[in-house]
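Take a look first, and then we'll go through a few of its parts.

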Amino acid sequence: MIDCDIHHVVADQDEFLSYLDPGQREWFKTRGDLGLPGYPWSHPFGFALEDGLHEPGYAPGALERIGREALDAYGAEIGILHANDASTVSLMASPYRAAAFARAHNDWVRDRWLDDEPRLRGSILCPAQDPLAAAREIRRAAEDDRFVEVLLCAGSERPYGEPRYLPIFEAAAECGLQVAIHTSGEGMGIAAPGGGVGPHTFYIEWHTVGSATSVMSHMVSLICNGLFERFPTLKVMLLEGGVAWLPGLLWRLDTNWRGLRAEVPWIERKPSEILRDHIRFSTQPLEHTDGNDELLFEMLDAAGGPDILCFASDYPHWDWDDPKHVLTRLPKDWRDRVMHDNAAAFYGERLGLARV
Amino acid sequence: MREWHDVAPVAQLDRDGRIIARIGGREIGVLRDSTDDSLKALRNRCPHVGSPLCRGSVRRRERGSAPGRYELEPGNVLRCPHHGWEFDLSTGVCLDDPAMRVAVYEVRVVDDRIHVLA
């Protein structure tokens, strides 16, 4: 089993700060939340699983707990690490601070996570608000082949298909890295508000709409701007925005392409076909269907479900998906592909399965 | 045939905040309901997706008598540590989806030890 989405936290702030450029360390130390932006709303209880909340040593997202509860417990071969709050580094107002933070974070992940737990793989953080600086950081961090992808947060200034972001994708493609766009940061810092109608009032709105529409918008933007025509080897995984909406959106996009292709004449085949070749989706949070799983999987099948879904637990977040439970929901002939094969093909050689 | 099982001293519950006991292949959690100081026992398996329910929080559940108002229910509920669904401590009914229910068990204290009927 490959878990495409495990979140790790900065538990020891002083240790993390030691990785920062000394000229900027004081600034980060004296900000709340290490200078990362915040949402205008907040979660009603907390983002992390509350198992053991009342017990000594409660530390969700700590290395030892990830090893025991996310990897050992399910016999996971590989877990892909995604920064927790730190993924919103690209929404800081200052690209200079963001570049320093991303560099420190990548070095800290290499030393403190990848060195200590051989089943984990890293994602490269980059200051996407400054795409040229982001590309430099990607090329630098990619020298360590335990980094398997570039992580972009779905909260953004503009949709990622825009030409301004090309240096990021170019660097990823050149280094043999894929790109993950993980829902997070919509409406935060310099990001556009999630949902497209102004800031959400509640977390429940963001978790229902904002976190899904950002992913939808990036998906359509990447396809329409011809990203995959420019970089034929590049693949993108969209994480945590849900999947039940995908068939409807794809039918809509294919229909619109038939009538409106004059706007995007470089798109020479149906968007849904491009998607099947280049875009993958993490399963979590797999929509709870109130007894309509058969309908859900029938719809997803029409969108290429068994070949485009990749299992993710989202450990240790409050709404994580237990792999055992996901297995029981997936149609039998999807299980190997969704739990393992699709992710293995997506990450390719950099995943280093031979090393496990 | 159900019978009483001696699961732990009361002092252990007060120290740890909860007892998770294994009785006949099932995990059963014993928790204290602070509203009336009573002990409650529920199966440690959330009927939603099987999460360890009794490792969650015992808390007052919010209600809103009108949009924009936040009030608290008089009694406590148990909130699952995964996904946040809440359960009635006495009946085991899921307050967020009444079609779901977790098994509940009788509890008594004998000579400062907790006994569960299961």
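What percentage of the 118 residues in chain B do buried residues make up? The figure is 46%, where buried means under 20% relative accessible area, exposed over 50% and partly exposed in between, using a 1.4 Å probe and protein chains only. A quick word on the ground rules: this is a predicted model, in which local features need pLDDT of at least 70 and side-chain atom pairs count only at pLDDT 80 or more, while totals for chains, interfaces and linings use all residues. Residues are numbered from 1 along each chain as its sequence is written, chains are lettered from A and ligands numbered from 1 in the order in which they are written, and side-chain values use heavy atoms, leaving out hydrogens and water.

Helices here are DSSP runs of H or I with at least four residues, strands are runs of E with at least two, and both are numbered from the N terminus. The radius of gyration of chain B, taken over C-alpha atoms, is 15 Å, close to the 13 Å from the globule rule for 118 residues, so chain B is as compact as a globular protein of that length. That rule is 2.2 Å times the number of residues to the power 0.38.

Axes are lines fitted to C-alpha atoms over the stretch in contact, with angles from 0 to 180 degrees between N-to-C directions.

| Helix pair in chain A | Angle | Axis distance |
|---|---|---|
| Helix 4 (residues 95–114) and helix 5 (residues 131–141) | about 15 degrees | 10 Å apart |
| Helix 9 (residues 246–260) and helix 10 (residues 271–278) | roughly 130 degrees | within 8 Å |

Helix 4 and helix 5 of chain A are therefore roughly parallel to each other, whereas helix 9 and helix 10 of chain A are oblique. The cut-offs: under 35 degrees is roughly parallel, over 145 roughly antiparallel, 65 to 115 roughly perpendicular and the rest oblique.

Which residues meet? From helix 4 of chain A come Ala102(A), Arg103(A), Asn106(A) and Asp107(A), facing Glu137(A), Arg140(A) and Ala141(A) in helix 5 of chain A; contact means heavy atoms within 4.5 Å.

Finally, Pro118(A) sits in the loop between helix 4 and strand 3 (120–125) of chain A. With 62% relative accessibility, Pro118(A) counts as exposed.
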